[in-house]
Amino acid sequence: MTLSDRMPMRSVFLVRPHSGGTFSVFTNLRLALACLGVTLEWMGFSDGPDPLPTDPAFAAAMQQGHLLDARGKSQAEICRDLVSAIVTRQYDLVFINVLTSPAEMSVAAYLPPHIRRIIIVHSITPGTFDGAKAVAPYVHAAVGVSPRIQKDLQQKIDLPPSLIFAAPNCLDLSAYARLTRKLRGDTFRVLYLGRISDVDKGVFWLPRILRQLGDLPIHLTVAGDGPDLSALKVRASSLGSRVTFLGRVPAH
């Protein structure tokens with residue numbers, strides 16, 4: 001059965017609006033699928049006091065999906081609510097980000113057979129691949145955001161290689177074609193931009209790498225927020241002015 005045989009197809013991406021990379025993937029995928037006549041909405045949950053519904057930075061995004069009230073509920077109860085909402089809203093396809101909440105990852109195992117499930121793998125950390133391996137028996141395809149991830153997934157998870165794809169996060173490097181990299185003399189400036197989380201981003205490697213480079217004139221700027229921000233600042237404290245933390249960076 002081809003995609004056109006199921007038009008109009010409705011799909012949902014399990015995420016909530018935030019300034020991180022997974023919501024950027026949702027935004028770009030939503031635009032791309034619209035060209036094929038496929039609608040894509042997000043679905044997430046709020047399990048406590050939440051400024052998101054009134055945050056002006058995400059006012060437009062709030063119109064593109066559904067936020068479930070999960071206050072006081074266990075991960076198992078949240079999973080049941082997600083499955084119920086997906087079935088009730090009659091989605092044909094669900095995108096699940098690997099190494100997200102247990103509730104969202106567990107959805108793959110409890111959806112009716114007619115609803116297709118695709119996992120998206122965003123990084124190469126051991127925890128991420130363990131998560132992909134655990135959920136792989138319940139999905140129809142896997143997508144890695146780089147050829148490296150696609151290759152590793154083909155070796156690590158129980159899916160036919162023909163169902164494991166690469167959809168790279170792309171960057172136009174043409175603007176940097178004439179960049180001269182100098183590690184002696186002028187300061188070489190490095191930027192980390194992303195969620196500050198070690199289990200899925202490996203951010204604790206950053207100060208270790210900088211120390212191994214010795215006295216080379218390198219300055220690291222860390223932009224973003226996340227659960228390991230305070231711990232990363234402690235680990236980088238001995239580096240002094242060689243590291244700058246900018247904190248959360250708005251999406252727009």
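Visitor: What do the buried residues of α4 pack against?
Guide: They pack against α3 (102-110), β5 (116-121), α5 (147-156) and α6 (198-201). Buried here means under 20% relative accessible area, exposed over 50% and partly exposed in between, with a 1.4 Å probe and protein chains only, while helices (H or I, at least four residues) and strands (E, at least two) are DSSP runs numbered from the N terminus. This is a predicted model, in which local features need pLDDT of at least 70 and side-chain atom pairs count only at pLDDT 80 or more, although totals for chains, interfaces and linings use all residues. Residues are numbered from 1 along each chain as its sequence is written, and side-chain values use heavy atoms, with hydrogens and water left out.

Visitor: Okay, and which residues of α4 are buried?
Guide: In α4, which spans residues 126-135, the buried ones are Thr-128, Phe-129, Gly-131, Ala-132 and Val-135. Seen down the helix axis, these fall within an arc of 155°, so they line one face of α4; the arc is taken from the directions from the axis to the C-beta atoms. Pro-126, Asp-130, Lys-133 and Ala-134 are exposed on the other side of α4.

Visitor: And α5, which residues are buried there?
Guide: Ile-149, Asp-152 and Leu-153 are the buried residues in α5. They cover an arc of only 105° around the axis, which puts them on the same side of α5. On the other side of that helix, Pro-147, Lys-151 and Gln-155 are exposed, and the cover over the buried residues includes β5, α4, β6 (141-144) and β7 (164-166).

Visitor: Zooming out, which residues touch the most other members of the largest nonpolar core?
Guide: Met-43, Ile-86 and Leu-153 do, out of the 56 residues in that core; a nonpolar core is a set of buried Ala, Val, Leu, Ile, Met, Phe, Trp, Tyr and Cys residues joined through side-chain atoms within 4.5 Å. Helix α2 (residues 75-88) supplies the largest share of this core, 6 residues. A second, separate core has 15 residues, including Ile-196, Leu-229, Ala-236 and Leu-239.

Visitor: How many cavities of 30 Å³ or more are there in the whole structure?
Guide: The search finds 1, and the volume of the largest cavity is about 40 Å³. A cavity is a set of points, on a 1 Å grid over the protein atoms alone, where a 1.4 Å probe fits but cannot get out, and lining residues have an atom within 4 Å of a point; points are joined across faces, edges and corners, and the volume is the space filled by probe spheres set on them.

Visitor: Which residues line the largest cavity?
Guide: The lining consists of Leu-206, Pro-207, Leu-210, Leu-220, Val-222, Leu-232, Ala-236, Leu-239, Val-243 and Phe-245. These divide into 10 nonpolar, no polar and no charged, counting Ala, Val, Leu, Ile, Met, Phe, Trp, Tyr, Cys and Pro as nonpolar, Asp, Glu, Lys and Arg as charged, and the others, Gly among them, as polar. At least two lining residues come from each of α7 (205-212), β9 (218-223) and β10 (243-247), with the largest share, 3 residues, from α7.

Visitor: Last topic, backbone. What is the phi of Gln-90?
Guide: Gln-90 has a positive phi of about 60° although it is not a glycine. Gln-90 lies in the loop between α2 and β4 (93-97) and, at 61% relative accessibility, counts as exposed. Leu-99, likewise not a glycine, has a positive phi of about 65°; Leu-99 sits in the loop between β4 and α3 and counts as partly exposed, at 29% relative accessibility.

Key:
1 Å grid on protein atoms, 1.4 Å probe; cavity = no way out; pocket = protein on both sides within 12 Å on 5 of 7 lines; lining within 4 Å. Contact = heavy atoms within 4.5 Å.
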